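Please keep the sequence and the structure in view while reading.

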There are 2 protein chains.
Amino acid sequence: MTAEFELDRDTRVVREGDAFVAEISGGWSIGTAPNGGYLAAILVRAMAEVSPLPDPFSTTVHYVRTATPGPASVTVESIRVGHRHSTFAARLVQGGIEVARAISTFGALDSLEGPTVVPLAAPDLQTPDACVSGRPGPTSVLPIAQRVDMRIPRGEASWTEGAKSGRSELCGWVRFADHRPVDPLALLFFADAFPPPVLNLDEAAASWVPTLELTVHLRRRPSPGWIRGRFRTRALIGGYLDEDGELWDDRGELVAMSRQLARLQRA
Amino acid sequence: MTAEFELDRDTRVVREGDAFVAEISGGWSIGTAPNGGYLAAILVRAMAEVSPLPDPFSTTVHYVRTATPGPASVTVESIRVGHRHSTFAARLVQGGIEVARAISTFGALDSLEGPTVVPLAAPDLQTPDACVSGRPGPTSVLPIAQRVDMRIPRGEASWTEGAKSGRSELCGWVRFADHRPVDPLALLFFADAFPPPVLNLDEAAASWVPTLELTVHLRRRPSPGWIRGRFRTRALIGGYLDEDGELWDDRGELVAMSRQLARLQRA
């Protein structure tokens with residue numbers, strides 16, 4: 001029996017009657033709350049069990065209650081199954097209560113046919129070895145930091161270095177601590193794994209930045225190796241913030257884009 | 001009886017048993033297809049009928065089939081009704097077939113309490129009177145163009161002027177042709193009303209750019225007057241494209257942000 005990677009083990013879904021059962025791990029949490037990208041990966045794995053097409057092109061998750069480590073179930077509804085695209089909804093339920101709702105449209109990355117033009121350039125970062133190692137975070141209790149190998153250039157997570165930069169952007173490298181290969185599921189998770197760039201603002205004295213809604217667009221199948229992330233908050237308004245993300249693979253190709261709406265929350 | 005504005009008349013939903021009935025107008029179409037932002041407005045109006053909170057903070061719609069002008073029904077499901085946020089799903093159905101699925105989290109814009117920092121500046125545009133009047137588009141049949149008063153600075157919609165700019169961005173002004181005031185529903189519609197900036201690329205020889213998924217974040221209640229839009233496609237990959245939007249009100253305040261995944265389609 002081959003060893004299973006941590007993300008695959010902790011997002012496993014098993015069909016039982018009309019639903020899938022899952023076990024939410026405490027190993028991917030920010031403080032005590034399971035990370036939103038991790039929960040998205042569970043929801044997408046359940047939808048992938050039903051989808052005839054392999055790749056989640058666009059996934060949106062609304063987080064309506066804080067999930068807790070322990071048993072959960074996922075129910076999947078087919079909205080439309082088509083030749084080119086198939087769309088599903090999924091509910092993540094704990095103790096009879098819904099904690100998250102997703103919609104995802106699947107397609108096949110390997111059969112794209114149209115033109116390609118990417119005006120953007122990949123972020124030009126110091127090598128991973130020249131960066132600060134470890135996932136910086138708003139709290140000292142970060143189980144998720146044990147699961148990812150994150151490298152952040154000095155100055156990008158300024159709130160961990162004393163003086164805030166006032167610039168709500170953040171770039172860095174990420175891969176799995178257990179060397180799990182990158183794939184679309186990994187990108188969904190990485191889209192919400194970096195610390196929030198809004199914490200670089202003096203005005204953002206939050207201890208936690210819970211996500212209300214996360215959308216991830218999968219654009220290309222990633223090549224093996226490090227993933228580079230670039231994240232930016234363009235507007236913090238009344239405590240609510242957008243966070244825009246780009247993920248780039250080892251060849252320097254854009255592989256995913258994300259957008260979330262989140263809220264500053266004090267402890 | 002006061003006259004009803006076109007958008008309000010054409011997004012009206014009437015409760016009948018467990019569902020709402022609606023009539024999809026042909027007046028908001030791109031070619032023969034009802035515009036995605038218009039359909040989003042119908043879905044949000046039905047959810048607003050059920051929501052105790054007034055404002056759709058984050059709305060995602062997946063368009064799974066092309067809608068057609070004519071009768072439709074909307075069913076709304078409450079996912080969670082809370083004090084600060086309430087989340088709903090809604091299905092748009094025609095002839096027993098689902099054409100679009102939405103999720104929306106509502107809140108109250110007038111009770112935001114946290115800090116505000118907006119590093120972005122509003123687009124600096126020529127005055128509306130100095131711009132090209134009318135909504136430019138990929139086809140000559142654009143019913144939607146009669147419903148909006150759109151003003152685009154010269155060069156922004158370069159494909160309508162002979163030589164493509166190669167720059168997948170587009171800015172412009174918009175308001176309703178019938179002078180309907182702007183409000184959150186209007187912003188949902190405007191987020192998908194501008195022509196696609198991807199058409200400024202030489203490689204984008206599409207006649208139609210259908211939206212797979214549209215997400216709109218409502219950030220502030222808009223002041224009366226013109227809305228400025230700034231739209232950008234960062235990556236066209238295998239015929240699929242993101243489109244990022246910002247909407248700014250007459251005071252120069254950011255009022256909404258959008259992101260969509262769309263696909264180039266030849267006639």
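Glu77(B) and Arg101(A) are joined through their side chains by a salt bridge with an N to O distance of 2.6 Å; a salt bridge here is a side-chain nitrogen of Lys or Arg within 4 Å of a carboxyl oxygen of Asp or Glu. The pair crosses between chains, since Glu77(B) belongs to strand S6 (residues 70-81) of chain B and Arg101(A) to strand S8 of chain A. Strands, and likewise helices, are DSSP runs numbered from the N terminus (helices H or I, at least four residues; strands E, at least two). Glu77(B) and Arg101(A) are both buried, where buried means under 20% relative accessible area, exposed over 50% and partly exposed in between (1.4 Å probe, protein chains only).

The model is predicted: local features need pLDDT of at least 70, side-chain atom pairs count only at pLDDT 80 or more, and totals for chains, interfaces and linings use all residues. Residues are numbered from 1 along each chain as its sequence is written, chains are lettered from A and ligands numbered from 1 in the order in which they are written, and side-chain values use heavy atoms, with hydrogens and water left out.

| Residue in chain B | Residue in chain A | N to O distance |
|---|---|---|
| Glu77(B) | Arg101(A) | 2.6 Å |
| Asp244(B) | Arg234(A) | 2.9 Å |
| Asp242(B) | Arg219(A) | 3.1 Å |

Asp242(B) lies in strand S15 of chain B, whereas Arg219(A) lies in the loop between S12 and strand S13 (227-232) of chain A. Both Asp242(B) and Arg219(A) are buried. Salt bridges that share partners form one network, whose members include Arg234(A), Asp244(A), Arg234(B) and Asp244(B).

In total, the interface of chain A and chain B holds 12 salt bridges, and 49 are found over all chains.

## Extent of the interface

Contact (heavy atoms within 4.5 Å) involves 59 residues of chain A and 59 residues of chain B. The two chains bury about 5,200 Å² between them, 59% of it on carbon and sulfur atoms; buried area is the accessible area (1.4 Å probe) that two parts lose on being put together, summed over both. Arg219(A), Arg234(A) and Ile237(A) supply 14% of the area that chain A buries against chain B, more than any other three residues.

## Strand S16 and its partners

Strand S16 (254-263) is one of the elements that give two or more residues to the side of chain A that touches chain B. S16(A) gives the most to that side, with seven residues.

S16(A) runs antiparallel to S12(A), to which seven bridges join it, and His217(A) has Met257(A) as its bridge partner. With S15(A), S16(A) pairs in the antiparallel sense over nine bridges; strands pair if DSSP finds at least two bridges between them. Here Asp242(A) stands opposite Leu261(A). The hairpin of S15(A) and S16(A) has five residues between the strands, and Gly252(A) takes a positive phi near 85 degrees there.

## A salt bridge within chain A

Arg147(A) and Asp10(A) form a salt bridge, their closest N and O atoms being 2.9 Å apart. Arg147(A) lies in the loop between strands S9 (132-133) and S10 (148-152), and Asp10(A) in helix H1 (residues 6-10), so the pair ties together parts of chain A that are 137 residues apart in sequence.
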